[in-house]
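Colleague: I am new to this one. Could you show me how to read its features?

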Amino acid sequence: MKKTLRSILVLASAVLLLPLAGCGMFDWFSKSVPRHPPAALVEFAPSKTPHRVWSVNVGSAGNYVFSPAYTFDAVYAAAADGTIVKIDPSTGAEIWRRNVDTDLTTGVASDGNTVVVAGVKGILIALDSDGQEKWKTPVSTEVLTTPVIAQGLVVVRSMDNKIAAYDVDTGERRWMVPYRAPSLMLRASPGIGTVGPTAIVSLPGGRMISMMLNNGAIRWEIPIGDARGATELERIADMSGTPAIYGQGVCVTAYQGRIGCFDVVSGATFWVKNFSSKVGVGIDDEHVYAVDTDDKVYAFSNLRGQSVWRNDKMTYRELTAPVPYLATVAVGDGQGFVHFLSRYDGSFDARIETDGSAISATPVVVGERLIVQTRAGSLQAFTLD
């Protein structure tokens, strides 16, 4: 009887978790446990001045997370209603705006010639650089992870944990790897990074794998999540964000797991330590930057993992992954602010407000500019003096 009751409870938990398309696992927690109020904005004397260079209304993200993509001459962004825009990164002028006549769940990927987004019910849609449809192809199920384009392939991971590659010009599937999934997983969207001939894929269940792009062969696999606890929910461990690749290293973090850096070729461990995060990491030539589940921001030495500094003044503000930008580390928050921290000691250098809606997607650095997309659909570019 006890076993039957426990099975019913686990099944009920799964039902609660799975319908949260695009909201991510932490939206479920925020609805299920008492929430801490976000820390009040602290006062400080700004040492730098952010300027909003341009702003474009793309469209609402709805219940999903949309990240902009950039190439050598353009920024691309998408919205849940099927809108895709191509923007001049210097001026914010729209080069074109299209609607693909289907609701979208994630985007955007681009190599400058092809633009790829994912639609509801599991479909990949590719446009050319002029906004004309190149191809459309079904995938096994819904896609929440932003696709990547590399080596003439579009690589995508669907919610059933199948990783597949499609020809960037024709949409023909080249290979597919059905990867094992944990017994209970959340609708999170850990990302994919590419380096040389390989893709580094973060998977639900707290594992990271390296795959050959030409055929999907797995080179190495590393457990990052650390499933612990007495119940199924307590043992959930998932990768967070997109692997951050710098030179020969790849750095990642996990929810209820660890943070660490590894060799991209062999998977050998450079360093690792216990850590729990709901977003990915940022990396530069000196530090790895991470945000824990209380929204404290950390800098670690990227060589040995020693703690360099910590900023605990933005707790529970629902921070994005941290991004190195000029001499600062930029993070967006759930109240629509962008915070600029000193790379050297984590102190506040500057702050600017966007449109008041949450910033869920990781900001993107384009040359001397920081591009931010809000949940309400505003795409904004900033400079920092």
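Colleague: Which side chain makes a polar contact with the side chain of Asp333?
Modeller: Keep in mind that this is a predicted model. The partner is His339, and the two side chains meet at 2.7 Å.

Colleague: Where is Asp333 found?
Modeller: In the loop between strand 27 (328-332) and strand 28 (337-342).

Colleague: Is Asp333 buried or exposed?
Modeller: Read the relative accessibility; buried means under 20%. Asp333 has 0%, so Asp333 counts as buried. Leaving aside neighbours within four places in sequence, Asp333 is in contact with Arg317, Glu318, Leu319, His339, Ala358 and Ile359.

Colleague: Now the rings. How many aromatic pairs are there?
Modeller: The count comes to eight. One of them joins Phe44 and Phe348.

Colleague: Why is the pair of Phe44 and Phe348 stacked?
Modeller: Look at the angle between the planes; under 30 degrees counts as stacked. Here the planes are at 20° and the centres 5.3 Å apart, so the pair is stacked.

Colleague: Which parts does that pair tie together?
Modeller: Phe44 lies in the loop between helix 2 (25-32) and strand 1 (50-57). Phe348 belongs to strand 29 (residues 348-353). The pair therefore ties together parts 304 residues apart in sequence. Phe44 is partly exposed, at 24% relative accessible area. Phe348 counts as buried, at 12%.

Colleague: What lies over the face of Phe348?
Modeller: Arg351, at 5.8 Å from the ring centre.

Colleague: What about Trp271 and Phe300: which kind of pair do they form?
Modeller: A tilted one, with 6.0 Å centre to centre and 45° between the planes. Trp271 sits in strand 21 (residues 269-275) and Phe300 in strand 24 (residues 297-301), so this pair ties together parts 29 residues apart in sequence. Both residues are buried. Ring pairs also link Trp271 and Phe300 with Phe275 and Tyr298 in a cluster.

Colleague: Last, the nonpolar cores. Which residues touch the most other members of the largest one?
Modeller: A core is a set of buried nonpolar residues joined through side-chain atoms. The largest has 19 residues. Phe66, Ala78, Ile84, Leu104, Val108, Val117 and Leu127 touch the most other members. Strand 3 (75-78), strand 6 (104-110), strand 7 (114-119) and strand 8 (123-128) each give two or more residues to this core.

Colleague: And what does Ala78 touch?
Modeller: Not counting residues up to four places away in sequence, Ala78 touches Val58, Phe66, Thr83, Ile84, Leu104, Val108, Val117 and Gln373. A second, separate core has 16 residues, including Ile163, Val201, Met211 and Leu213.

Note on methods. Residues are numbered from 1 along each chain as its sequence is written. This is a predicted model: local features need pLDDT of at least 70, side-chain atom pairs count only at pLDDT 80 or more; totals for chains, interfaces and linings use all residues. Side-chain values use heavy atoms; hydrogens and water are left out. Rings of Phe, Tyr and Trp (its six-membered ring) pair if their centres lie within 6.5 Å; planes under 30 degrees apart count as stacked, over 60 as edge-to-face and the rest as tilted. Helices (H or I, at least four residues) and strands (E, at least two) are DSSP runs, numbered from the N terminus. Buried means under 20% relative accessible area, exposed over 50%, partly exposed in between (1.4 Å probe, protein chains only). A charge sits over a ring if NZ of Lys or CZ of Arg is within 6 Å of the ring centre and within 35 degrees of the ring normal. A nonpolar core is a set of buried Ala, Val, Leu, Ile, Met, Phe, Trp, Tyr and Cys residues joined through side-chain atoms within 4.5 Å. Contact means heavy atoms within 4.5 Å. A polar contact is a pair of N or O atoms within 3.5 Å; within protein, one must be able to donate a hydrogen and the other to accept it, and residues adjacent in sequence count only if both atoms are side-chain atoms.
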